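Open the model in a viewer and keep the selection panel at hand. The stops below say what to select and what is there.

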Amino acid sequence: MRHFRTLLAHELRTALLSGNTWAAAGLFLALMGGIHFFALLEGSRIASERTPVEATLWFFWLPLLCVLPLLTMRSFAEERRSGTLSALLTTPASTAAVVWAKFLAAWAVWITFWLLFTLFPLLVQQRLGTPGDTRLSDPSVLWGGLCFIAVSGLLHVSIGILCSCVTRSSALAALLAFISLLALTAAGGAMESLPIESWAWLGWLHEPAAHLRTFAHLQDFAGGILDSRPIVLYSTGTLLCLGLAVLAVEGQE
Amino acid sequence: MNVTKPSPEAAVVAEKLTKRYGSLTAIENLSFSVAPGEIVGFLGPNGAGKSTTMRILAGTMSGTSGRAAIWGVSVALDPAGAKRNMAYMPENNPLPEDMRVEEYLTLRAKLKDVASERVSERVDRVMADCDLARRAAGRLIGQLSKGFRQRVGIADALLAEPKVVILDEPTIGLDPHQILGIRDLIRSLRGKMAVLISSHILHEVEQVCDKVVIINRGRLVAQGRTDDLRRELLPDCSFTVTTRADEAALLGACHRSEPAATVTPLAATTAGWNTFRVSLPADSPARETLAAELAIAGISLREIAEVRYGLEDIFLAATRRSPTEPRRF
């Protein structure tokens with residue numbers, strides 16, 4: 001446990017001092033700021049069932065695909081390329097401690113980005129909102145949506161970490177993470193849009209596909225519905241990815 | 001020291017170590033040991049399997065078969081236990097460029113289970129021992145010269161006062177002053193830690209090591225003290241002779257005392273003086289009387305000196321020998 005704490009503190013410090021993190025933060029805030037601005041603009045012109053915050057969160061996939069791979073790509077790939085991972089593994093610290101420390105540090109940075117995003121609706125509410133009318137910041141949607149980001153982020157970050165474990169190239173790790181996250185995010189929706197129920201030989205896929213509906217999970221969380229199934233899905237997926245990451249690191253070393 | 005376990009007979013044990021990559025065999029049935037406090041040179045041509053062996057001993061790579069143990073702890077069965085007794089500096093000494101020396105060593109000390117209250121003391125100590133304290137402690141590792149980077153690697157290796165230190169090419173790329181510094185540092189470890197050191201600079205190894213292990217094509221070809229290896233691998237006795245006599249005259253004179261003697265010209269004639277190498281069988285009594293015999297035969301001598309074979313000659317003789325016939329001493 002001491003190794004894990006030491007490694008986690010080191011990873012957080014490294015992330016804080018890394019230009020890569022700051023570039024990713026800038027990109028994230030620019031993306032989400034832009035999306036939120038257009039959501040506010042749209043909301044002011046057309047009456048919609050969705051609040052600006054809800055409309056903005058609906059685009060969570062954009063930073064997920066463009067920013068998260070930037071955060072995780074270097075975690076192992078760069079260390080393997082430079083050889084510092086081998087040096088790290090000559091200490092009594094276990095591979096699992098190294099993987100979990102890198103994972104939790106990346107997850108913490110990812111959540112910090114989203115917490116920074118909350119400043120947008122809160123500032124808009126403070127500047128433009130009227131007392132008693134919280135539609136501009138919609139706290140229940142905002143914090144519910146952030147809970148979804150935090151829970152699903154466990155799996156998303158672990159996928160990024162796993163992708164970084166299998167290559168020495170940071171760029172390739174980012175590309176692998178992009179493709180994997182795109183597949184995961186789109187899979188549920190794509191499978192649902194297909195009439196697989198009517199295809200006898202694919203009918204069995206309907207039930208699993210229903211569990212992969214990422215956007216439905218966001219809707220549930222933002223609507224205040226706490227369903228245990230997506231939580232189990234994301235947490236078991238996370239454990240699976242991190243387990244594979246440990247095996248990948250040990251296998252390559 | 002981290003471990004209170006009593007001192008084992010051997011600090012490092014490699015027993016029939018084998019590593020295969022598909023059809024390629026990197027090392028095969030490699031067996032050797034390092035005693036506590038002993039400094040052992042690990043030699044072999046490029047691609048002989050030195051780094052592979054060191055990585056298996058360090059626990060960063062698993063062997064295909066065989067046994068590796070550090071201070072009595074199996075590297076395969078208890079890697080964390082073995083790593084607590086051992087420090088490994090890999091070839092090229094990879095270091096994080098964006099950390100400061102003191103900060104890096106502090107992190108490594110914590111990861112190497114140095115007691116929290118001793119971390120600062122140990123970091124200061126190894127920085128002082130490796131001459132890093134005044135000029136490099138606060139500098140970014142990425143800005144350090146090659147020599148200082150090597151020093152950081154060695155300081156890291158010494159941090160937790162391990163029983164065993166494995167250094168893969170610690171002097172590679174260093175200038176003669178830096179090599180001298182590293183040599184003194186390694187020499188100061190004699191009796192305190194078992195050191196296994198690989199190097200291509202054979203002169204360095206000869207200066208520092210108590211014993212050498214020589215491998216070729218993944219197999220052990222020789223191990224033992226340099227003097228023992230010299231006697232075993234290069235049993236003949238040679239002299240360098242500088243004389244006015246020609247080769248035939250010298251050979252004739254040598255044959256008077258030793259019929260099996262051979263003469264090889266070494267250097268071109270300069271101002272009438274020729275240099276030859278005279279080789280005699282190991283047990284020839286002529287080795288003690290050659291100079292007198294040559295004088296009696298009227299050979300005018302300017303110089304006669306016994307050739308002392310260095311580690312380089314031993315290394316060449318050992319690696320020329322068939323790797324299918326490993327020898328032990």
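Predicted model: local features only at pLDDT ≥ 70, side-chain atom pairs only at ≥ 80, totals over all residues.

The centres of its domain 1 and domain 2, taken over C-alpha atoms, are 44 Å apart. To colour the two parts, select residues 12–231 of chain B for domain 1 and 236–308 for domain 2.

**Chain A**

Select chain A next. Its secondary structure consists of 14 helices and zero strands. The radius of gyration of chain A is 20 Å, close to the 18 Å that the globule rule gives for 253 residues, so chain A is as compact as a globular protein of that length. Along the principal axes, its C-alpha atoms fill a box of roughly 60 × 55 × 30 Å. Of the 253 residues in chain A, 41% are buried. If you draw the contacts of chain A between residues at least 6 apart in sequence, 79% of them join residues at least 24 apart.

**Where the chains touch**

Show both chains and select the residues in contact across them: 19 residues of chain B meet 16 residues of chain A. On the chain B side, α2 (79–84) and α3 (101–111) each supply at least two residues. The largest share of that side, four residues, comes from α3(B). Coloured by class, the side of chain B that touches chain A shows 10 nonpolar, two polar and seven charged residues.

**The nonpolar cores**

Which residues have the most contacts inside the largest nonpolar core? Select Val12(B), Leu57(B), Ile70(B), Ala155(B), Val164(B), Ile166(B) and Val195(B); the core they belong to has 146 residues. Its largest share, 13 residues, comes from helix α10 (residues 139–165) of chain A. Another core lies apart from it, with 15 residues, including Val263(B), Val278(B), Leu280(B) and Leu290(B).

Now centre on Leu57(B). Leaving aside neighbours within four places in sequence, Leu57(B) is in contact with Val12(B), Ala14(B), Ala68(B), Ile70(B), Val75(B) and Ile166(B).

Most residues other than glycine have a negative phi. Select Lys16(B), which is not a glycine but has a positive phi of about 50°. Lys16(B) is part of strand β1 (residues 12–21) of chain B. Is Lys16(B) buried or exposed? Lys16(B) counts as exposed because it has 12 C-beta neighbours inside 10 Å.

Move to Trp71(B), where phi is also positive, near 50°, in a residue other than glycine. Trp71(B) sits in the loop between β4 (65–70) and β5 (73–74) of chain B. Trp71(B) has 23 other C-beta atoms within 10 Å and is buried.

**Helix α10 of chain B**

The last stop is helix α10 of chain B, residues 286–296, in which Ala286(B), Leu290(B) and Leu294(B) are buried. Look down the axis of α10(B): its buried residues fall within an arc of 70°, so they line one face of the helix. On the face turned away from the buried side, select the exposed residues Glu288(B), Ala292(B) and Ile296(B).

What covers the buried residues of α10(B)? Among the elements to display are β11 (237–243), α9 (247–257), β13 (273–280) and β14 (301–306) of chain B.

Key: Residues numbered from 1 in each chain as written. Chains lettered and ligands numbered in written order. Domains from an automatic or database assignment. Core = buried A, V, L, I, M, F, W, Y, C linked by C-beta atoms within 7 Å. Buried ≥ 20, exposed ≤ 12 C-beta atoms within 10 Å, placed from the backbone. Contact = placed C-beta atoms within 7 Å. Nonpolar A, V, L, I, M, F, W, Y, C, P; charged D, E, K, R; others polar. Arc of directions from axis to C-beta. Rg over C-alpha atoms; globule rule 2.2 N^0.38 Å.
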